[in-house]
Amino acid sequence: THGPGTAAAKSVTSTIPIVMALSGDPVATGLVASLARPGGNVTGMTGINPEVAAKRLDLLKEAFPRTRLVAVLFNPDSAGATLSLRAMEDTARSLKLDLQQYSVRRPVDIDSAFAAMAKRRVDAVVSTDEPALTVNARVIANLAAKTRLPSIGLTELAEAGGLMAYGPSRREMFRRSAYFVDRIFKGAKPGDLPVEQATRFETVLNLKTAKALGIQFPQSVLARADKVIE
């Protein structure tokens with residue numbers, strides 16, 4: 001299952017084993033007690049990794065060297081977002097970037113965030129890996145296009161019309177989730193199987209969006225793309 005699906009399944013059973021193929025922060029959302037000892041009927045994969053958000057800043061700077069002011073969409077109520085922001089702040093200092101934080105608790109906050117970005121004339125926008133942001137990827141992509149801002153986030157953002165994405169490979173996460181199913185069928189308890197973090201990541205570029213924005217990616221960025229949307 002994916003994150004919202006896991007939560008829905010867990011709400012109706014505490015005994016049937018549930019394997020997550022995709023999830024955000026399962027500890028913060030109460031799906032498991034800890035990554036090392038899930039403790040209940042849920043285990044599987046998580047894509048949470050603070051360094052992923054920081055890597056997005058590296059990609060932005062490489063693609064757009066003149067970038068200075070970067071907006072960050074995040075949920076202030078999320079422990080995972082807090083960790084991502086810390087990692088991004090460290091990277092921003094080394095890249096001489098100024099981060100402007102825009103909190104999003106509700107979908108309506110996305111509209112107000114982009115209105116504020118337009119007034120501040122930010123150079124680009126980064127989305128953290130929050131469920132509230134991921135499910136509204138198309139809204140974010142459309143607003144980024146409307147304000148002509150390069151955007152980067154999870155794969156869902158690039159697929160919805162955002163410019164770039166960097167994050168865990170969903171294909172590999174689904175593939176690895178089969179390991180948990182196999183162990184459970186062989187008698188292991190989900191609560192005893194440590195939740196694993198993604199180890200393979202991918203870069204996605206949306207060339208259709210780039211063309212609409214009048215943007216050309218440097219060859220170094222194109223060369224590292226694992227997927228190109230045309």
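## From a surface arginine to the cores

Select Arg 37, which counts as exposed at 52% relative accessibility; here buried means under 20% relative accessible area, exposed over 50% and partly exposed in between, with a 1.4 Å probe and protein chains only. The model is predicted, so local features need pLDDT of at least 70 and side-chain atom pairs count only at pLDDT 80 or more, whereas totals for chains, interfaces and linings use all residues. Residues are numbered from 1 along each chain as its sequence is written, and side-chain values use heavy atoms, with hydrogens and water left out.

Arg 37 forms a salt bridge with Asp 192, their closest N and O atoms being 3.5 Å apart; the term denotes a side-chain nitrogen of Lys or Arg within 4 Å of a carboxyl oxygen of Asp or Glu. This pair links distant parts of the chain, 155 residues apart: Arg 37 is in the loop between β1 and β2, and Asp 192 in the loop between α8 (170-185) and β8. The element names refer to DSSP runs numbered from the N terminus, helices being H or I of at least four residues and strands E of at least two. Asp 192 is partly exposed, with a relative accessible area of 42%.

Proceed to Asp 77 and Arg 105, which form a salt bridge with closest N and O atoms 2.9 Å apart. Asp 77 lies in the loop between β3 and α3, and Arg 105 in the loop between β4 (98-103) and α4 (107-120), so the pair ties together parts that are 28 residues apart in sequence. Asp 77 is exposed, with a relative accessible area of 56%, while Arg 105 is partly exposed at 48%.

Select Glu 172 and Arg 175 next. Their salt bridge has its closest N and O atoms 2.8 Å apart. The two residues are three apart in helix α8, which separates them by about one helical turn. Arg 175 counts as exposed, at 53% relative accessibility.

Display Arg 176 together with Tyr 179. Arg 176 lies over the face of Tyr 179, at 4.0 Å from the ring centre; a charge sits over a ring if NZ of Lys or CZ of Arg is within 6 Å of the ring centre and within 35 degrees of the ring normal.

Then select Glu 156, Glu 159, Arg 170 and Lys 227, which are linked in a network of salt bridges. The structure holds 13 salt bridges in total.

**Strand β2 and its partners**

Move to strand β2, residues 42-46. Five of its five residues are buried. β2 pairs in the parallel sense with strand β1 (residues 18-20) over three bridges; strands pair if DSSP finds at least two bridges between them. In this pairing, Ile 18 stands opposite Val 42 in β2. β2 also pairs with strand β8 (residues 196-197), again in the parallel sense, over two bridges. There, Thr 46 stands opposite Gln 197 in β8.

**The nonpolar cores**

Select Leu 57, Leu 60, Phe 64, Met 164 and Phe 217. These residues have the most contacts inside the largest nonpolar core, which has 29 residues; such a core is a set of buried Ala, Val, Leu, Ile, Met, Phe, Trp, Tyr and Cys residues joined through side-chain atoms within 4.5 Å. The elements giving two or more residues to this core are α2 (50-63), β3 (69-74), α3 (79-95), β5 (124-127), β7 (164-168) and α9 (207-213). Its largest share, six residues, comes from α2. A second, separate core of 20 residues includes Tyr 102, Val 104, Leu 157 and Ala 160.

**Aromatic pairs**

The structure holds three aromatic pairs. Rings of Phe, Tyr and Trp (its six-membered ring) pair if their centres lie within 6.5 Å; planes under 30 degrees apart count as stacked, over 60 as edge-to-face and the rest as tilted.

Keep Phe 64 and Phe 217 on display. They form a tilted pair, 6.4 Å centre to centre with 45° between the planes. Phe 64 lies in the loop between α2 and β3 and Phe 217 in the loop between α9 and α10 (219-223), so the pair ties together parts that are 153 residues apart in sequence. Phe 64 counts as buried at 15% relative accessibility, and Phe 217 is buried at 8%.

Finally, select Tyr 166 and Phe 201. Their ring centres are 6.0 Å apart and their planes at 25°, so the pair is stacked. Tyr 166 in strand β7 and Phe 201 in strand β9 (residues 201-206) are 35 residues apart, and the pair links distant parts of the chain. Tyr 166 counts as buried at 13% relative accessibility, whereas Phe 201 counts as partly exposed at 23%.
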